[in-house]
Amino acid sequence: MVDNRYATALVIACVLSLLATAYLCVGVGTQHWYQYSSPPVRGEANATELRGLYDEFVEGEFDEKTYSDTLFRLNGTLGLWWRCVLVPEAPQWAKETDGKRTLRCRSFTIQQQLTPKYKEPGNHNSGEDMLRTYLWRFQFVLPMVSLGLEVLAGLTAFCACLCRSLAPTLTIGVLHLLTGLCSLATVCCYLAGTDLLHRASVLPDKVDGSLGWSLYLALMSSPLHMMAAALLLWAARSHGRSYYRMAAYRVA
């Protein structure tokens, strides 16, 4: 029989875990981790240049400098799996007035996620930047680890419910704690990698960057997972003490 305090803690932990998982999934699957605000198109020459960048972005080969410059100049957004630009309709490229704009996105393949980064983006002769390379790879791998740990915790909890046992609660709490740490590490790696990219590729004039809502969702999932872990660990430890006291009482 489970004490009401432990049952309440388990229910709250379950709700927090579901919210955290939903936030993490939405954050990983969307592209609004970092977004750029670019000046409007001005004149035919500027429109032609930006149209060329856009065509290279859509049809050209994968190159960090090419897509970074396009994101800087075309109100781009960058996520873990997506890179997007906000472009005007074809007839309106040379107009200075704000017209209808369309979000165009391209996804990163697994091979592109593992591509080395260079000290000078786009210049393969400048040497590999190991720090940026591994930060980029970690921000790709860690969310997968987080979701994998969450699935494992869910399966363990399901088996515990079938067996009507609180014994695995400690394990589930540890898995949630590791999930929260991986989510937090993902955000840290992304922020550090973005900062290093901006140092290697100076932003053009009148281009501003800001954090997007997808990053905040992923960041919010970390404390939710940790709170769920704290409740689970407390329930496991407190219930264990009560169980041993009851066993000792019965023996006596």
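Predicted model: local features only at pLDDT ≥ 70, side-chain atom pairs only at ≥ 80, totals over all residues.
Figure 1. D195 is partly exposed, with a relative accessible area of 36%. Because R199 and D195 are 4 residues apart in helix α6, about one helical turn separates them. An α-helix has 3.6 residues a turn, so residues three or four places apart point the same way.

**Figure 2. The salt-bridge network of E64, D129 and R132, with the start of helix α5.** Salt bridges that share partners link E64, D129 and R132 into one network. The structure holds 5 salt bridges. D129 also caps the N-terminal end of α5, where a side-chain oxygen of D129 lies 3.3 Å from the backbone nitrogen of L131. Helix α5 covers residues 130-163 and has 34 residues. From the first C-alpha of α5 to the last, the helix reaches 48 Å, which is close to the 50 Å expected at 1.5 Å a residue.

Figure 3. The side chains of R51 and D55 meet in a salt bridge with an N to O distance of 3.6 Å. Both residues belong to helix α2 (residues 43-59), in which they are 4 residues apart, about one turn of the helix. R51 is partly exposed, with a relative accessible area of 32%. D55 likewise counts as partly exposed, at 32% relative accessibility. Side chains of opposite charge can pair when their charged atoms come close.

Figure 4. K65 and D69 form a salt bridge whose closest N and O atoms are 3.3 Å apart. The two residues lie in helix α3 (residues 64-73), 4 residues apart, or about one turn of the helix. K65 has a relative accessible area of 38% and is partly exposed. D69 counts as partly exposed as well, at 23% relative accessibility.

Figure 5. T77 is found in strand β2, which consists of residues 77-78. With a relative accessible area of 6%, T77 falls under the 20% limit and is therefore buried. Leaving aside residues up to four places away in sequence, T77 touches Q31, H32, Y34, Q35, L71, W82, R83 and C84.

Figure 6. Most residues other than glycine have a negative phi. N75, which is not a glycine, has a positive phi near 50°. N75 is placed in the loop between α3 and β2, and at 19% relative accessibility it counts as buried. K206 is also not a glycine, and its phi is positive at about 65°. K206 is found in the loop between α6 and β5 (208-211). At 72% relative accessibility, K206 counts as exposed.

Figure 7. L170, V174, L177, L178 and L181 make a nonpolar surface patch of about 390 Å². One of these residues, L178, lies in helix α6 (residues 169-200) and counts as partly exposed at 38% relative accessibility. L233 lies in helix α7 (residues 213-251). L233 is partly exposed, with a relative accessible area of 28%. Not counting residues up to four places away in sequence, L233 touches L170, G173 and V174. The C-alpha atoms of L233 and T171 are separated by 8.5 Å, although these residues are 62 residues apart along the chain.

**Figure 8. The whole chain as context for the close-up views.** The secondary structure of the protein comes to 7 helices and 5 strands. Along the sequence, these elements follow the pattern α-β-α-α-β-β-β-α-α-α-β-α. Of the 252 residues, 40% count as buried. Among contacts with a separation of 6 or more, 75% join residues 24 or more positions apart. The accessible surface comes to about 13,900 Å², and 63% of that surface belongs to carbon and sulfur atoms.

Definitions and conventions. Residues numbered from 1 in each chain as written. Heavy atoms only, no water. Patch = residues over 30% accessible without salt bridge, like charges linked within 9 Å, V, L, I, M, F, W, Y side chains within 5 Å. Areas by Shrake-Rupley, 256 points an atom, 1.4 Å probe, with all protein chains shown as cover. Salt bridge = Lys/Arg side-chain N within 4 Å of Asp/Glu carboxyl O. Buried < 20%, exposed > 50% of the residue type's maximum accessible area, 1.4 Å probe, protein only. Contact = heavy atoms within 4.5 Å. Expected span 1.5 Å × (residues − 1). Polar contact = N/O pair within 3.5 Å; in protein donor to acceptor, adjacent residues only side chain to side chain.
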